[in-house]
Structures are given as structure tokens and as C-alpha cells.
Amino acid sequence: IKAPHLTGLAFKLFVWIVEAPIIGSLILKKQNPLLRNTVIPEAPMFKPEYPQEPEPGVVALDEDGKPEDRVEVALKCLPQYDPFRYWKIRDYAYAYRSTPSVVAEHIISVIEEPPQPLLISFNPEEVRNQAAASTKRFEEGNPLSILDGIFVAIKDDIDCFPHPSKGGTTWMHEVRTVKKDAVSVSRLRSCGVIFVGKANMHELGMGTTGNNSNYGTARNPHAPERYTGGSSSGPAAIVASGLCSAALGTDGGGSIRIPSSLCGVVGLKTTYGRTDIGGSLCDAGTVEIIGPIASTVEDVMLVYSAILGTSLADRISLNPVPNLSFLGSLRLGKYTAWFNDVYSTDISDKCEDALNLLEIVIPELHEMRTAHLVSIGSERLSYDTRTSMALFRSFSASDYVAAQCLRRRIMYHHMEIFKKVDVIVTPTTGMTAPIIPLSALKDGETDMQVTGYLMRFVIAGNLLGLPAISIPVGYDKQGLPIGLQLIGRPWGEASILRLALAIEELNRPASFFDVL
């Protein structure tokens, strides 16, 4: 997408022009022809389609069973307990006797200290009430699961009653009322999780930096002058800072993996249909999922085991969970020209050092990005935001159908690749955390070059519905986290989680709160 980097008054003027009837649409269509006059022989595929092929060496879970039972099975699959640089969920569970309320006060005191716009909706009394209930269960010797008393943040586009879901806007809660938890939140609540509130995000998920001029922009705990990445900015930042063991985010274009990479934590984008997206603002799309962000791979595993399982009306998976005690042999592939398409070679060098990789070729990368852009944009036109929406309104119905034809074509290419390798490996992002321009804090900004680098490697997971995980593998010369992305075949969460567990490398950031 061709567009200048703009902030402040120039940005306001640009928004006014592209939103103007007729002239704005003409400008966008001329500069960004996208799929105009493109002939694609394949039939359209309006949502990801692929067969269920269970992985070998995994433990299958009953998606109709209780979430706390699935968590208990997943707990038995984890490696031997070993304290980590971050406090893990198991650290909290082993430390708790009657202390969730004590830890809650530590967290509340930090969140109430300004200025940290990590949460959009926060009610300290609600947190205290949840913590008191958990404390009582521990005192009675009846915790609900290993997740009982664990503090979790929920992205502001996922329903968590009684909080409103604003999607980072100032108005969404006025036209959409939250009456109950989203399905994934309800499953976590049944495990005893304590919800701290609704985490900050890029407005309506329409950006990759995490900038939010409505509630303040969440800062990267590793470097407060830099972006967290987005759109799940608050969830990644609150986990990286040590305030929560985990968070739930949504991912329609890298929105879990990008901030996880920039903040040095772990983020899982599941196979499309693996988790129930009901009760979120993006529950009608074909590229979005709800997934976990956590400080470690094993914590991602525990949260994932609690939330997995789609609705009965849309049952398309068996939902296996990996047995992490055995890694086995995996074939890992990289496409060098794509792998090295980064802002700084610090990123590609660090990612290549992590693994031995087989060479592969992934055709039509540009077409894949275009098809994703048209798909996610067309499916979100019910909202009226600004520059992104002005671009999306320029898409025609024929653009959308052409994008779905490309989806089928590109799916075929990837399925052929997965006959040769088990996992495709890339950097998660093409750059580390960008600096926040001071002029962008009040009114936002548009910087498509930064967006391009941040989204460089994440699109396949969304357009094709493939599982992908971002894990920290080190730092660049400026001390900023670098993420490695593992992309699996459909339903291949087991393989990427097993591999991620073997190679993750985490260090606490400078801004870290030891609430335990």
C-alpha cells in the first residue's frame, strides 16, 4: 500500500481528503489498484478449508468436557517443573496457600499508579471480589484448577462481563451491550481465573503499532519510548511487565503475534475454528481467532487447553493437545528471500541461529498479502473508522471474490509445501519495536512502511487459517526483543508448541513488576 508517513495536522488533513466522497475513493483506487482486472482460475474459498489430520504422539482432549479437566490433562503433558525468568502459572499455583488477595493488592497498586494505559476498563473492587473467592477456595483446599487465582487480562474486543467492550473506541459500548462472557472467557472463569479488566488495543484492531489516542498508547516494557505492537497492545504489555501471567487477544492480521514479538513474550494464533470466537467484536470474520498471550510456552499451553473447542454449530475440529515430554523429528523450512526481507539483519541472523532450516519456496507472497487485505477489510466494513476504513470502502464485491479465489490458490501452494516440511519458520516481524512519535500520541498516525515490516510474515496464518506461534529468541543491537515465528500445517498446534518449548528464550524487561 502506497501512503506517506503522517502525524499531527498533516494526518488530519489526509484523513479528511480520503474520507471525502468520490475524491477519496479515486485517490485510493489509483494509487492501490490491488485486484482490478485480475483473472484467477480457482474457485473462491470463503473461509479456510482443510481436512482434519490428527498429529501423531499427542493427547486428545474432549472439547465437550470441562475446561478445568482439559487443563489438568495439559498440566500432565508439561515438562518437569523448573523455575523461569518470568513467574510461571505453576509458580503461582505452588506459592498460593491463601494469598490471591495479597497478590491482587500488589497488582491493583501498580495499575492505579499513573500513567500506564494498559487497561481500558478496570474495577479494583471487582478484582478484589474475584481474588477473595479464589482465596477462600485455597483456604478450603478446593482450588478449581492450576489456573485458579491466576491473573489474566482480556483484550477490549472480547466480552468479559461486567466490563463493556469498546474495541478501543469511545462509542462501541453505546451501541453494543455486554450481557455475558465470551465463550473463551467463560471457560477460563470456570477454571478460577481472576480477570483484571479489559486491556488496551489499537482502535478496532485496525493497526499494527498499538497506538490509541482515545485512552493513551500502551508502552513497551522493554523500552517505554517504543510501541508494543498491535493490535493486542495491552495484553502483550501487561504480560511482559509481569502484572499478569497471561492474556487473551484476537488475531486477524498478526494482532497476537506482532505485539508478542515486540514485547518479548509468547503468542499463539490457533488454527481457524480451533477456538470459539463467539462474544467478540470480530466474531463474523474468516481470518480472526481468539488466542493466548503468556510469558512462557507452557503457560500458553495451559490457557490454550482451557479455551479450545469451537461451538457445536460450527464443529470442525478434534482439538488434540501435544504431549510435551517428547519432541520427535520435525522438518523445518524457510524461504530465504522472504526470511531475509527485514529492516535489520539483526532479526534474520538471530532467527536463523535458532534452528537448522531446509530451503523451500513460497509462491505468490504479494498476492497473498493482497488477498488478506481485501478479505479482512471487506469483512470489517460494518465499522466506520478512518484511514483504514477509507481504503476498505474502496474495495468492490469483485475484489472480495477475487481475494477468495486467491485464498484457494495460495492454500494449494502451502499444502504442497507441507508435504516436504512440518513447520515453516520466519521471523515474526520484519523490524523490532518502532519509536512512538510524540506527535502521534494525540491524534494517531499512518505509517504503511512500518505496517509492512510488522506484517511481513504473519499473513499466511490468517488468510489460510494456519496455526502459528511467536516465541522470543533474543535481542537486536539496541536490546529490543526479536520473535521467531513457527507456522504449522492445519491443526498442527502440537508440533509448533512442542518446538516452541524447546527453543524459547526469555528475559525480564526493564519495566517488570514482581507481584508474587
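Strands 16 and 17 make a hairpin with five residues between them, and Gly 479 in the turn has a positive phi of about 80 degrees. Strands here are DSSP E runs of at least two residues, helices are H or I runs of at least four, and both are numbered from the N terminus. This is a predicted model, where local features need pLDDT of at least 70 and side-chain atom pairs count only at pLDDT 80 or more, while totals for chains, interfaces and linings use all residues. Residues are numbered from 1 along each chain as its sequence is written, and side-chain values use heavy atoms, with hydrogens and water left out.

**Strand 17 and its partners**

- Strand 16 (residues 468–475) pairs with strand 17 in the antiparallel sense over seven bridges; pairing takes at least two DSSP bridges between the strands.
- In that pairing, Tyr 475 sits opposite Pro 481 of strand 17.
- Strand 14 (residues 423–427) also runs antiparallel to strand 17, joined by five bridges, and its Val 425 stands opposite Leu 486.
- Eight of the eight residues of strand 17 (residues 481–488) are buried, so the strand is largely enclosed by the rest of the structure. Buried means under 20% relative accessible area, exposed means over 50%, and partly exposed is in between (1.4 Å probe, protein chains only).
- In a regular strand, side chains alternate between the two faces of the sheet.
- Both faces of strand 17 are covered, with Pro 481, Gly 483, Gln 485 and Ile 487 buried on one side and Ile 482, Leu 484, Leu 486 and Gly 488 buried on the other.

**Aromatic pairs**

- The count comes to six aromatic pairs, using Phe, Tyr and Trp rings (six-membered ring for Trp) with centres within 6.5 Å; planes under 30 degrees apart are stacked, over 60 edge-to-face, and the rest tilted.
- Tyr 86 and Phe 512 pair edge-to-face, at 5.5 Å centre to centre and 75 degrees between the planes.
- That pair links distant parts of the chain, 426 residues apart: Tyr 86 is in the loop between helix 3 (67–77) and helix 4 (89–95), Phe 512 in the segment after helix 20 (493–503). Both Tyr 86 and Phe 512 are buried.
- Tyr 343 and Tyr 453 are edge-to-face too, at 5.5 Å and 80 degrees.
- Tyr 343 is in the loop between helix 12 (336–339) and helix 13 (345–354) and Tyr 453 in helix 18 (residues 448–454), so the pair ties together parts 110 residues apart in sequence.
- Tyr 343 counts as exposed because its relative accessibility is 58%, whereas Tyr 453, at 21%, counts as partly exposed.
- Tyr 92, Tyr 96 and Phe 138 are linked into a cluster by ring pairs.
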